[in-house]
Amino acid sequence: MIPIKTESAWRGTADCKSCGIRDMVLFADLNEQDFNLIHAPIDDLVFSTGQSLYQEGDAAFGVFTLRSGLIKLVRSTPDGRQRVLRLLRPGDVVGLEALATSRYDSEAVALTEASLCRIPTDVIHRLAQNSPRLHWRLLQKWQQALKEADDWLAALNFGTARQRVANFILKMRHATDPSVVTLFSREDMGAMMDLKLETVSREISALVRAGVIEPLDRVGRLYRIVDEAALHAVVAG
């Protein structure tokens, strides 16, 4: 039995066959025969903003599929700082390393309220051995995770502070409305881009003053891109 963290809200057993985003998640290609191989319960969980799914170094009992919300993967540096490795969006798999190791490589924290399904590792291993469909989907998720990590490193950890912030803004565009962007606390953004929070605040303010983006709320989380060409020009240097 996988322990359930007290700060998460357990909403029962997930119904994978009728999942609203099933075409995006790990079980997208499974058929009726595959589902019959699932004998352990798959938990339907909700985490509030700021709550951890697991800590770096925790024993790994399962993987999570993210249905809604955003998750950040965080790792501590030897000098005690925290670095955000990358962000996970709906459809991503959280804790893939659980399938290869006995420990989680990083801490997973909800950046917004997040709903997830937690799948025991033995369920994944059983399905992977008996279903070529899931085996192929796992390979796709591994490749996607590797590409995202490479893209994140290339886009957000090189270049000037303004280039990093502009790149981050472009990465955080909404899927349904690319002109709208959701940002986070300046401290979180600094950890993602290896910048001081004061630097992040200064660069965002400069983009607002230049008319490149405009705030849509009072807390500095929601923005509209006014001049996308200018953002791309900043990224290009």
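**Helix crossing and pockets**

Q: How do α4 and α6 lie to each other?
A: They are roughly perpendicular (an angle of 65 to 115 degrees), in what is a predicted model. The axes of α4 (residues 161-171) and α6 (residues 197-209) cross at roughly 70° and come within 10 Å; axes are lines fitted to C-alpha atoms over the stretch in contact, with angles from 0 to 180 degrees between N-to-C directions, and helices are DSSP runs (H or I) of at least four residues, strands (E) of at least two.

Q: Which residues make the contact?
A: From α4 it is A161, R162, V165 and I169, and from α6 it is T199, E203, I204, A206 and L207, with contact meaning heavy atoms within 4.5 Å.

Q: Switching to pockets, what lines the largest one?
A: The lining has 21 residues, with L73, R75, L85, R86 and A149 nearest the centre; a pocket is an open set of 1 Å grid points where a 1.4 Å probe fits, with protein on both sides within 12 Å along at least five of seven lines, and lining residues have an atom within 4 Å of a point.

Q: Which elements supply the lining of the largest pocket?
A: β5 (71-76), β6 (82-88), β7 (93-94) and α3 (132-156) each supply at least two residues.

Q: And what gives the most to the second largest pocket's lining?
A: That is α5, with four residues.

Definitions and conventions:
Residues numbered from 1 in each chain as written. Predicted model: local features only at pLDDT ≥ 70, side-chain atom pairs only at ≥ 80, totals over all residues. Heavy atoms only, no water. Parallel < 35°, antiparallel > 145°, perpendicular 65-115°, else oblique.
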